[in-house]
Amino acid sequence: MTINELEIGMTYELRKSFSSDEVVNFSQLSLDNNPVHIDDKYAEGTIFKSKIVHGFLSGSLFSAIIGTKLPGNGSIYLNQTMNFKRPIYHNQLVVAKVTIVDIKYDKSIVLLDTICYDEYNNVLIDGTALVKII
C-alpha cells in the first residue's frame, strides 16, 4: 500500500503455531541454542515446565505482517519494542495483531501497535513498531 492508502485504525491479524522443528531451525539460524527452547529435559526443570518458543521467533510474526500485509511491501523498520508477558510454548496457537495508531503522511512514517495473544485473549507480547514506507 502507498502511504495515502493507509488510515488510523487499520488492522491485520495472523494466526500461527510454531512446531518444534521450526523452533530448532530458528535456533540454528539465530545461533540461540538456549536449551529452554530445544531440550525437553532441561525445560521441564524450569519455571516454564516445557520448551518455549524464542521471543524473537514469535515477534517475527509482526515483521511478516508489516512487510507483507500492513502496511505491506515497501515497509522498512525504524524501531520495534516488544514486552514479553507470557511464554509461548511449542505448537501453541498465537495470534499476532498489528494496528495503525498514527501516520505522518509528510514523512511516510507509520506507528503501529503490535500484540500477540493466545486463544483465550491472554496477552503474550505487546509493543509498538515504527516503519517508513519507501
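Reply: Let's start with helix H1 (20-30), whose face turned away from its buried side carries the exposed residues Asp21, Gln28 and Leu29. Here exposed means over 50% relative accessible area, buried means under 20%, and partly exposed lies in between, using a 1.4 Å probe and protein chains only. Helices (H or I, at least four residues) and strands (E, at least two) are DSSP runs, numbered from the N terminus.

Before going further, note that this is a predicted model, so local features need pLDDT of at least 70 and side-chain atom pairs count only at pLDDT 80 or more, while totals for chains, interfaces and linings use all residues. Residues are numbered from 1 along each chain as its sequence is written, and side-chain values use heavy atoms, with hydrogens and water left out.

Back to H1: its buried residues are Val23, Phe26 and Ser27. They sit on the same side of H1, because they cover an arc of only 105° around the axis; the arc is that of the directions from the helix axis to the C-beta atoms. In general, an α-helix has 3.6 residues a turn, so residues three or four places apart point the same way. The buried residues of H1 pack against helix H2 (35-38) and H4, where contact means heavy atoms within 4.5 Å. Just after H1, Leu31 takes a positive phi of about 70°. Most residues other than glycine have a negative phi, and most peptide bonds are trans.

Buried in H4 are Leu57, Ser58, Gly59, Leu61, Phe62, Ile65 and Ile66. These buried residues pack against H1 as well as strand E1 (11-16), E2, E4, E5 and E6.

One of them, Phe62, also stands out in the largest nonpolar core: of its 27 residues, Leu6, Phe62, Val110 and Leu112 touch the most other members. The elements giving two or more residues to this core are H1, helix H4 (55-68), strand E4 (94-104), strand E5 (109-117) and strand E6 (123-133). Such a core is a set of buried Ala, Val, Leu, Ile, Met, Phe, Trp, Tyr and Cys residues joined through side-chain atoms within 4.5 Å.

Leu112 touches Ile66 and Pro71, and its other contacts include Val98, Ile100 and Val131, leaving aside residues up to four places away in sequence. Pro71 is found in the loop between H4 and strand E2 (75-80), and the peptide bond from Leu70 to Pro71 is cis, with omega near 0°.

E4 and E5 pair in the antiparallel sense over nine bridges, two strands being paired if DSSP finds at least two bridges between them. Val95 stands opposite Tyr117 in E5. The two strands form a hairpin with four residues between them, and Ser108 in the turn has a positive phi of about 55°. Ser108 counts as buried because its relative accessibility is 17%. Nine bridges also join E5 to E6, which run antiparallel, with Asp113 opposite Thr128 in E6. That hairpin has five residues between its strands, and Asn121 in the turn has a positive phi of about 65°.
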